[in-house]
Amino acid sequence: MSSHLLNKGYDPKEAERRWYAYWEKEGLFAAADVSDKEPFSIVIPPPNVTGVLHMGHAHNNTLQDILCRYRRMQGYNVLWMPGTDHAGIATQNVVEKGLAEEGKDRHSLGREEFVKRVWQWREEYGGLIIKQLKHLGASCDWDRERFTMDEGLSKAVRTVFVKLYEQGLIYRGDYIINWCPRCHTALSDLEVDHEDHNGHLYYIRYLFEKGEHGIVVATTRPETMLGDTAVAINPNDKRYGDLNKKRVILPLMNRVIPVILDEYVDMSFGTGALKITPAHDPHDFEIGRQHNLASIKVIGGDGRMNEQAGRFQGQDRFECREAVLEALKAEGLLEKIEPYQHSVGHCYRCRTTIEPYLSKQWFVKVKPLAEKAINAVKTGAVRIIPDTWTKTYFEWMNNIKDWCISRQIWWGHRIPAWTCEECGEMIVAMEPPKACPSCKGKTLVQETDVLDTWFSSALWPFSTMGWPDETQALKTFYPTSVLVTGFDILFFWVARMMMMGLHFMNEVPFKDVYIHALVRDAEGKKMSKSKGNVIDPLYVIDEFGTDAFRFTLAAFAAQGRDIKLSEDRIEGYRHFINKLWNAARFSLMHLSDFRPDETGRDIKGLSLADRWIMSRLSSVAGTVKTRLDEYKFNEAANTLYQFVWHELCDWYLEMIKPVLYGNGALSEGETKAGSSRYETTRFILWSALNKTLRLLHPFIPFVTEEIWDKLPGTRGSIMNAEFPAVDKGRYDVEAEASMDLLMGITGRIRNIRGEMNVPPSLQLEAIVQSAESDVRETLDEHRDIIINLAKLEALEITLPGERPASCATSIFGNSTIFVSLKGIVDFKAEQVRLDKEIAKISKELDVVGRKLSNEDFLAKAPQEVVKKVREKRERLEEKRNKLQENLVKIKQLADDA
RNA sequence: GGGCGGGUAGCUCAGUUGGGAGAGCGCCGGCCUUACAAGCCGGAGGUCACAGGUUCAAGCCCUGUUCCGCCUACCA
């Protein structure tokens with residue numbers, strides 16, 4: 001077997017390994033900092049360094065890879081910047097878990113040693129997801145791979161922090177933040193997942209300091225009462241009379257606390273009296289501030305009651321809730337308990353219930369930054385696609401709150417702030433200060449907190465390109481062309497990159513944001529380990545091949561609709577890869593000794609099939625380009641699927657078989673080899689396959705490269721080949737119209753065969769009658785095609801005339817088709833078939849008739865439309881009449897028989 | 001509470017400015033036709049969630065209803 005021939009089956013595994021290694025070795029993914037070519041750049045949404053490839057990554061990166069390969073083939077200087085994210089809490093959790101197995105914890109190791117361990121872990125396992133992305137075919141410029149904890153990126157982080165601090169956009173202070181008692185750190189508002197919880201509303205009586213009764217408050221969290229410093233009433237609430245200056249005794253603690261008046265209190269909720277715990281509730285904190293109340297923390301950072309909780313000290317907060325309720329009951333102060341549904345915050349990393357917690361943290365003042373980011377979208381400097389997300393974006397940005405950026409963990413960018421032990425001065429600087437600028441003191445203690453991981457990823461589009469240095473990469477590739485990401489990190493990441501990019505680069509970080517949907521399981525449920533419904537991309541790749549997988553993801557990537565994935569669906573697209581492979585295998589059988597450069601110079605006399613496939617290809621190339629430019633990956637993929645399977649394979653390859661096999665279609669006395677017809681056909685076949693491969697490459701890189709490699713006349717990787725542009729010169733309206741006719745007539749004959757159960761081995765005679773001379777001419781000229789594809793013995797083309805005997809009938813356009821069923825005709829079956837057909841037409845005629853008898857329609861609809869409908873009625877009527885005639889004849893024949 | 005998306009064939013979904021309801025899979029029937037049975041040929045199957053409205057004309061535009069999903073929110 002020649003090296004040009006393909007094996008019977010395609011072996012994805014072997015080919016994928018081989019070609020990926022080749023691409024890497026040849027440096028085909030490399031971007032040029034300096035180039036004449038137009039730049040196209042994407043920064044990868046950096047996966048967590050702890051991550052393993054899941055469906056979300058696979059989908060996200062497939063789309064990016066399609067864009068990158070597409071642009072590369074269009075001649076752009078493409079940079080796809082890869083890297084990973086240090087994922088502070090997640091990574092720390094992973095390493096801590098490892099330590100726990102050794103019976104150690106990070107505190108026994110100490111900070112420095114612990115961080116060292118994390119780096120070790122990263123060296124060992126951190127590259128995993130990068131390897132997995134390579135299995136996916138990702139064409140990232142791996143030489144530029146970045147990590148958010150790299151020296152360069154760390155410098156960018158420090159620079160940004162210092163500048164924002166100096167600009168007054170970073171501040172430090174005591175506020176209520178979201179605290180995860182398990183991770184032992186503050187979290188931003190975004191990092192809290194709210195879930196509805198079936199809890200209770202507890203009514204507790206606080207007795208007056210003097211006198212009876214007291215006030216009943218309602219709360220969902222009785223344990224926080226231990227830290228209450230007031231009870232608040234709405235000043236307009238007449239029920240409570242004059243409470244001014246009254247005080248109540250806090251039960252269990254026997255602390256006397258004031259009753260205060262505040263309009264915040266909702267009179268209609270509960271009893272209209274609100275207990276105030278400034279240290280454990282954000283609103284209470286606000287009210288406490290306005291009324292100068294003390295804040296008493298009763299829950300510690302570990303989620304246990306502290307020394308302020310009196311006899312409850314040491315209890316877990318939920319344990320304490322029960323204990324408090326018991327104690328209240330014992331004192332007769334628990335008035336009632338009502339079931340109550342409310343939402344409870346959970347840590348997005350470990351699901352632990354969040355504790356609103358008063359502590360000293362660092363914040364970014366985001367309002368001023370957000371304004372610019374809002375504007376960028378308003379002015380169109382950044383396009384969000386699909387547009388429906390724009391509204392969500394504005395909604396969030398307009399209501400944005402300050403961003404808590406400090407985390408009480410060890411793995412991350414340590415905040416570059418130092419406190420002078422001697423005078424208390426705070427120093428924020430790029431490098432550790434030698435001495436206190438205020439008192440010259442030498443004892444400077446660095447802030448122990450690290451920054452939110454998203455703080456560093458917010459800088460990703462420019463930090464990865466070398467900022468704060470003015471690098472050539474930044475000059476060439478910033479702003480990036482497009483960001484491809486899921487909506488789940490629109491706020492976490494996209495919005496913050498916009499703010500930081502605009503603030504520090506004075507330019508948007510990307511021109512387009514393409515927001516893709518989520519990959520779900522076959523039932524539409526979110527894939528999650530706990531549900532056990534995850535499909536592992538690596539398993540899929542192993543089972544079906546990367547190309548089948550990628551094509552599936554692309555084909556289902558309709559904008560704004562989640563992808564429901566199942567193995568069945570991927571298997572379906574594996575069939576497509578197989579189809580392409582076999583079409584190529586067939587083609588190469590006939591092209592092994594073909595020299596396109598020699599033949600290409602003087603091809604002439606294209607056949608109808610040739611003209612048609614080239615016309616279709618040009619049209620397909622146009623559609624694919626348009627759809628990709630609009631990020632309509634599914635439409636691009638489906639266009640190609642349809643073309644390859646149903647045009648290239650079903651019709652074109654079938655039509656040229658006689659030429660390739662030398663079974664006729666040649667002039668009298670001509671032999672196959674060397675005939676111009678044969679060579680021209682081979683050239684067009686070669687050309688069609690060549691173009692098709694290039695159109696498909698961005699979607700299915702491996703199999704296209706493998707076939708490309710075997711295709712004569714190709715040099716080098718298909719990655720460097722040109723993406724086919726629309727070739728207007730190839731548009732051939734006439735050829736397409738002729739083919740529509742031929743395909744239609746063939747279809748009608750096949751339909752008769754199928755309906756009448758005529759086996760393919762039985763060749764039939766057919767007659768087509770048409771009153772139109774150009775139709776007859778076309779059919780006459782290309783009768784071979786119909787004979788071949790409808791498996792006929794002979795085809796006669798005539799003017800309308802006598803109806804031949806013993807025939808089944810069908811209509812296409814103005815043509816009547818008679819298929820001779822001499823000896824096998826089943827009159828009954830034919831009657832049924834015709835009845836069915838006529839019924840269908842009658843139904844359509846009803847609709848059309850109603851329209852045309854409507855005077856308003858005739859008067860008000862555009863003339864064009866009216867004309868169209870009239871023509872349609874004529875066509876349908878003609879068709880029905882003809883079929884009816886035939887039905888009558890068939891009935892006669894049936895009666896005679 | 002607010003916002004968004006969706007309801008089209010048995011399943012998963014397309015349907016661009018309103019003007020002839022589509023695909024893939026599945027199903028039924030016929031074929032081992034020399035690229036492919038992971039295939040070829042043919043076929044059946046839909047009151048476009050429901051109710052109104054605008055229009056000569058609505059899957060598409062408007063209003064309401066309903067069901068599903070998601071995001072978001074401080075009523076203790």
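**Helix packing, sheets and RNA contacts in a predicted model**

Student: At what angle do helix H1 (residues 12-25) and H23 pack?

Tutor: In this predicted model, the axes of helix H1 (residues 12-25) and H23 lie 9 Å apart. Angles from 65 to 115 degrees count as roughly perpendicular, and H1 is therefore roughly perpendicular to H23. The packing angle is about 80 degrees.

Student: How many charged residues does the contact of H1 with H23 have?

Tutor: From H1 come Ala15, Glu16, Arg18, Trp19, Tyr20 and Trp23, which meet Pro701, Phe702, Glu705, Glu706 and Asp709 in H23. By class, this contact has six nonpolar and no polar residues. The number of charged residues is five.

Student: Helix H17 (residues 546-555) also packs on helix H23 (residues 701-710). Why does H17 count as oblique to H23?

Tutor: The axes of H17 and H23 are 7 Å apart. Angles under 35 degrees, over 145 and from 65 to 115 have other labels, and the rest count as oblique. H17 is oblique to H23 because of its angle, which is about 125 degrees.

Student: Which residues of H23 does H17 meet?

Tutor: H17 contributes Thr546, Asp547 and Arg550. The residues of the contact of H17 with H23 divide into three nonpolar, one polar and two charged.

Student: How far apart are the axes of helix H24 (residues 733-755) and helix H25 (residues 773-781)?

Tutor: These helices pack at an angle of about 75 degrees, which means that H24 is roughly perpendicular to H25. Ser738, Leu741, Leu742 and Ile745 of H24 make the contact with Val775, Thr778 and Leu779 of H25. The distance between the axes is 10 Å.

Student: H24 also lies across several strands. At what angle does H24 run to S28?

Tutor: The strands that H24 lies across are S26, S27, S28 and strand S29 (815-820). They form an open sheet in the order S27-S26-S29-S28, with mixed pairing. The edge strands, each pairing on one side only, are strand S27 (792-798) and strand S28 (807-812). H24 runs to S28 at about 145 degrees.

Student: Which residue in S27 is the bridge partner of Leu764?

Tutor: Strand S26 (residues 764-769) is joined to S27 by six bridges, and the two strands run parallel. In S27, the partner of Leu764 is Leu792.

Student: Which residue in S6 is the bridge partner of Cys180?

Tutor: An open sheet of four strands has the order S6-S5-S14-S16, with antiparallel pairing. Its edge strands are strand S6 (185-187) and strand S16 (403-404). Strand S5 (residues 170-180) is joined to S6 by three bridges. The partner of Cys180 in S6 is Thr185.

Student: Does strand S9 (residues 230-233) pair with strand S11 (residues 255-261) in the parallel or antiparallel sense?

Tutor: Three bridges pair S9 with S11, and Ala232 stands opposite Ile260 in S11. Strand S10 (residues 247-250) is joined to S11 by four bridges and runs antiparallel to it. For S9 and S11 the sense is parallel.

Student: Which residue takes a positive phi in the hairpin of S10 and S11?

Tutor: In S11, Arg255 is the residue opposite Leu250. The hairpin has four residues between the strands, and a positive phi near 70 degrees is taken by Leu252.

Student: What share of the atoms of RNA strand B within 4 Å of the protein belongs to sugar or phosphate?

Tutor: There are 61 residues around RNA strand B, of which Asp266, His283, Tyr340, Arg561 and Tyr661 come nearest. The residues of the surface near the RNA divide into 21 nonpolar, 15 polar and 25 charged. Of the atoms of RNA strand B within 4 Å of the protein, bases account for the rest, while the sugar or phosphate share is 68%.

Student: How far does a polar side-chain atom of Asn854 lie from a sugar or linking oxygen of RNA strand B?

Tutor: For Lys579, a polar side-chain atom lies 2.7 Å from a phosphate oxygen of RNA strand B. Lys860 likewise has a polar side-chain atom 2.7 Å from a phosphate oxygen of RNA strand B. For Asn854 and a sugar or linking oxygen, the distance is 3.0 Å.

Student: Which helix gives the most to the surface near RNA strand B?

Tutor: The contribution of this helix is 11 residues. The helix spans residues 633-661 and is H21.

Notes: Residues numbered from 1 in each chain as written. Chains lettered and ligands numbered in written order. Heavy atoms only, no water. Pairing = 2+ DSSP bridges. Axes fitted to C-alpha atoms, helices over the stretch in contact; angles between N-to-C directions. Contact = heavy atoms within 4.5 Å. Nonpolar A, V, L, I, M, F, W, Y, C, P; charged D, E, K, R; others polar. Near = heavy atom within 4 Å. Polar contact = N/O pair within 3.5 Å; in protein donor to acceptor, adjacent residues only side chain to side chain.
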